[in-house]
Structure formats: C-alpha cells, structure tokens
Amino acid sequence: EYQNDGKDDLALNFFFDSLDIARNKDDQHRVAEILHKIAIIYNNKMDFENELRFLAESSSICDRLGREADSLKLLVSMNLTFIACKKNTRARIGLYRCLKASGSIKDNRQRAEIVLRIGDGYYNLENYKKALRIFTKGSRIDKSLETDFLIRMGKSYLALRKYDEAEQHLLQALELTSSKEQYECEIEALENLATLYSETLQYDKRIDCLKIISKKDASNTPVSHILNDIAVTLVKQYKYEEGLGYLERSLGIARKSKDKELEAFLLKNIGSLMTSTEKYKEALLHLKQSLEIVQSLNLLESECIILLSLGSIYADLLIYSKAELYLNASLKISKKINNNALRVQVLIELCRLYPNYDLKKAEAWYKQCLRLPEAKKNKLLLSNIYGLNCDIKIHKNDLRKARTSLRKSFRLVKNSKIPGEMAGALARRAGIFEQLGDYLNAEKYSRKAIKDAEKDGLTIPNPDYYLFLGKCLVFNRKVIQANKYLDKSIAIY
C-alpha cells in the first residue's frame with residue numbers, strides 16, 4: 001500500500017521486516033519475491049546500484065530453486081538497468097545471452113514475456129531493427145500477448161520512420177484492445193498514434209487521439225498534461241486562441257492541485273504562444289512568472305530554457321543588451337548542468353544576435369557550435385548551423401563562403417524523409433538567395449518549399465512560405481501572381 005502511494009521509504013521498512021521473517025522461516029520462494037519488490041523500489045528511487053544487488057540475489061535464489069523463467073526475467077531486468085546506467089556494452093552482452101537462453105523456456109506465455117522485455121532492451125539501446133525482429137518473432141510465441149507485441153512493433157517502425165507500417169500495427173493493436181478490454185494497452189497505442197500523427201503533421205488526428213486519452217480513467221497521464229499537448233498541437237495549426245483556451249484550462253488545474261512545477265511549465269508555454277502571436281508584453285510577463293517559480297524550485301534545466309526564450313524575445317524586439325544578458329545566463333547554466341543539446345540552441349540564438357553588431361563574436365559562437373558532438377548528431381540542427389554561418393558570411397560580404405555553407409546546409413536534409421523538414425530547408429535556401437539579392441532563385445526555391453510542404457500533406461502549410469513567395473514575385477514584377485500568394489497567406493493568418 002505504501003509503495004502504491006509513492007511512500008517508498010516506508011514501504012522499504014516493511015519489506016525489510018518481511019524479508020527477515022521469510023529468511024527466519026527459510027521460505028526461499030518468499031525471499032526471492034520480496035528481494036524483487038525491494039529492487040523495484042530502488043529502481044523508482046533511481047538507486048541502480050542497490051537495485052542491481054537485490055535483482056542479482058533474487059535471480060540467484062530462483063536459479064537454485066529451479067525457477068528458470070523467473071531467474072531469466074530478473075536477469076533481463078538487470079540488463080535494462082545497465083542501459084539506464086549507460087553500461088550499454090554490458091547490457092548488449094547480457095541481452096544476447098538472455099535471448100539465447102529464452103529458447104529453453106517451455107511455458108509459451110513466460111517465454112513470450114521474456115522475449116518482449118529483451119526486445120524492450122534493444123529498443124532502449126536504439127537498435128530498432130534488432131528490436132523489431134525480436135518483437136516480430138515473439139508475436140508468434142503466444143497469442144495472449146499479441147497486443148503488446150503489435151504496439152512494440154508499431155513503436156519500432158515509428159522510430160525507423162516507417163510511418164505506414166507503424167500506423168498499421170498500432171491501429172491493429174487498438175482494435176484488439178477494444179475487443180479484449182485491455183485499457184492500459186489502449187492508452188499506449190493511442191499515445192504512440194498521437195506521436196506518429198505529430199511527426200507526420202496530421203494534427204487533427206493527433207488531437208482526436210489526445211481527446212480520447214483524456215477521457216480514459218486508465219490513463220496515467222494527468223489531464224493537465226494532455227490539455228497542454230492539445231494546445232501545443234493547435235498552435236502548430238495556427239489556432240492560437242483555441243490553443244490558449246486549453247493552456248489556461250490546464251493552468252487552472254495545475255494551480256488547483258498546487259503543482260508548482262507544472263504551473264511553471266504551462267506559464268512558459270503560454271509565453272511561447274504569446275511570442276508566436278507577437279504579443280511580446282504578455283509573453284515576457286508569463287515567462288518571467290515561470291522563471292520566478294523554477295528558480296524557487298531550483299529547476300536548472302527549466303531555468304535555462306526560459307532564459308533562452310526571454311533572450312530570443314528581446315532579440316526580436318532589437319533590445320540586444322537585454323537579449324545578450326539572458327542568453328549568456330542561459331549559456332552559463334547549460335554548461336553547469338552539462339546539457340550540450342541546450343547549449344547548442346543557446347549558441348545558435350547568440351549567433352543570430354551578433355551579426356547585427358559584432359561579427360567576430362558571431363563567428364566564435366558558430367565555431368563553438370560545430371565543436372559540440374550534439375550538433376553533429378542531428379542533421380537538421382547542423383543544417384541550421386551551416387545556414388547561420390551563411391548568414392554571417394553574407395554580413396561579411398564573403399559571398400563565396402556563404403554559398404559553400406548554403407550548399408552544406410541543403411545537402412544535409414536533401415534526402416530527408418521527415419515531413420516538413422525538406423520544405424523548411426528549401427525555404428531557408430530561398431531566404432539566403434533573397435539576402436544575396438537573387439530574387440529569381442529565391443522565387444524558385446520558395447515555390448519548391450510550398451510544393452514540398454503540400455506533398456507532405458501539411459494540413460495547414462506555413463503562411464510565411466506564401467508571404468515570402470509573394471514578396472519575391474513583387475520584386476520579379478509578377479504582381480498578379482504575388483497577390484494570389486499574399487491572399488493565401490492572409491487567409492491562413
């Protein structure tokens with residue numbers, strides 16, 4: 001009961017007392033069971049060293065008692081913990097041995113459970129192809145776990161960006177959950193479908209999934225989080241007022257439950273929405289309220305993100321001294337918490353800031369960006385960084401190097417399969433040509449960006465694309481065509 005209520009320390013006291021009684025009675029089956037329960041609590045507390053110790057002891061007892069399947073399940077749990085500890089090599093070796101040993105388990109249900117967990121291990125190691133093979137084979141072992149395997153296969157296809165196959169498996173799982181009343185599996189299938197529809201820019205379908213989840217009692221996700229997700233999706237569709245309504249409802253729930261961390265998160269999101277609608281005064285007010293809360297709770301990562309947002313707003317307002325102040329504060333925290341992914345974002349924002357009045361600093365930040373491994377791992381991010389360097393070279397009037405950076409930027413996402421990414425790269429290329437005064441090429445790539453966005457099935461293409469093309473057409477003296485695209489942009493806004 002204490003464990004269910006999240007009172008882990010009290011639960012541990014009772015479990016240790018129970019363990020002493022079981023040992024005194026020499027009830028080894030009971031000892032193994034209690035040791036496993038203690039390991040689970042240490043996992044919740046993120047105390048992996050103690051978790052591994054109790055899992056190993058429990059597994060050893062099960063092995064001596066001839067409970068081969070239980071022993072193997074515990075060994076798989078140990079390998080999942082090794083992944084959480086970043087001991088990936090050890091986990092790979094262990095999972096391979098467990099997979100080999102699983103073939104000797106005679107009970108099909110237990111073997112399927114073990115294979116499912118081994119597949120989870122490979123998925124957590126980001127070896128999605130291997131995980132998919134294991135889930136596919138495992139689905140044939142025992143029909144009672146068919147839904148679980150279908151969801152895992154759907155997740156693996158999603159990670160591999162094979163969206164059609166992912167949707168097919170997740171919808172199949174969803175159909176099975178309704179017939180078998182598997183409520184938790186139903187929620188999991190819906191959550192993964194919502195992620196899929198977000199990545200494929202099918203925002204209406206994503207909102208439908210989220211609304212169904214919000215009505216399910218079995219969902220572990222608080223309603224306020226779901227309302228926030230709906231709001232974020234609506235903002236992506238430029239439905240700002242509707243999105244704000246959901247955020248305010250969610251904020252009311254957070255304040256009623258006195259969840260300060262969630263309140264800060266929602267205030268930040270309202271600030272971001274206000275920034276999108278260029279209501280900078282309200283945006284600054286909400287972001288500063290959020291900043292005050294996260295500073296009082298000592299949430300350094302959240303503080304870093306909010307300071308970054310504040311710096312970006314002041315940069316948009318051309319108040320460079322304040323922008324620099326907030327961005328440097330954000331950079332300092334990103335170094336302190338050793339979050340290089342955030343550090344790259346801050347450096348990119350600083351690069352955007354400095355070409356306006358200090359090119360040497362801009363170049364220094366650009367070089368720092370390139371040195372961070374997080375920048376090189378993400379093709380889209382690296383593409384943006386090269387695009388930024390192109391902007392810096394234009395400011396320096398070094399057009400040859402500007403074109404070189406532009407080509408590097410474009411090449412990185414040329415064959416991208418992510419919906420909307422190619423359109424964004426084409427739009428950036430069009431923008432660079434505009435800065436170079438080459439309006440014919442700017443028009444050409446702007447048209448390609450719109451075509452690519454429409455091909456990807458964007459429910460509402462970015463109005464900025466139409467606006468930019470209209471602007472290029474005006475410069476190229478194609479006024480009638482320009483009016484058509486400017487009207488489209490206005491209609492979306």
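User: Is L10 buried, partly exposed or exposed?

Analyst: The model is predicted, and L10 belongs to helix 1 (residues 8-24). Buried requires under 20% relative accessible area and exposed requires over 50%. The relative accessible area of L10 is 37%, so the residue is partly exposed.

User: Which residues form a nonpolar patch on the surface with L10, and what is the accessible area together?

Analyst: Membership in a patch requires over 30% relative accessible area, and L10 has 37%. The nonpolar patch consists of L10 with Y2 and F14. Together, Y2, L10 and F14 have an accessible area of about 290 Å².

User: How many aromatic pairs does the structure hold, and what is the geometry of the pair F135 and F149?

Analyst: The structure holds nine aromatic pairs. In the pair of F135 and F149, the centres are 6.5 Å apart and the angle between the planes is 65°. Planes over 60 degrees apart count as edge-to-face. The pair of F135 and F149 is therefore edge-to-face.

User: Which helices hold F135 and F149, and are the two residues buried or exposed?

Analyst: F135 is in helix 7 (residues 128-138) and F149 in helix 8 (residues 146-159). The pair links distant parts of the chain, 14 residues apart. Both F135 and F149 are buried.

User: Why is the pair of Y466 and Y485 stacked?

Analyst: A pair of aromatic rings is described by the distance of the centres and the angle of the planes. Planes under 30 degrees apart count as stacked. For Y466 and Y485 the centres are 6.2 Å apart and the planes are at 20°, so the pair is stacked.

User: Where in the chain are Y466 and Y485, and are they buried or exposed?

Analyst: Y466 lies in helix 25 (residues 463-475), while Y485 lies in helix 26 (residues 479-492). These residues are 19 residues apart, and their pair links distant parts of the chain. Y466 and Y485 are both buried.

Conventions: Residues numbered from 1 in each chain as written. Predicted model: local features only at pLDDT ≥ 70, side-chain atom pairs only at ≥ 80, totals over all residues. Heavy atoms only, no water. Patch = residues over 30% accessible without salt bridge, like charges linked within 9 Å, V, L, I, M, F, W, Y side chains within 5 Å. Areas by Shrake-Rupley, 256 points an atom, 1.4 Å probe, with all protein chains shown as cover. Salt bridge = Lys/Arg side-chain N within 4 Å of Asp/Glu carboxyl O. Helix = DSSP H or I, 4+ residues; strand = E, 2+ residues; numbered from the N terminus. Buried < 20%, exposed > 50% of the residue type's maximum accessible area, 1.4 Å probe, protein only. Phe/Tyr/Trp six-rings, centres within 6.5 Å; stacked < 30°, edge-to-face > 60°.
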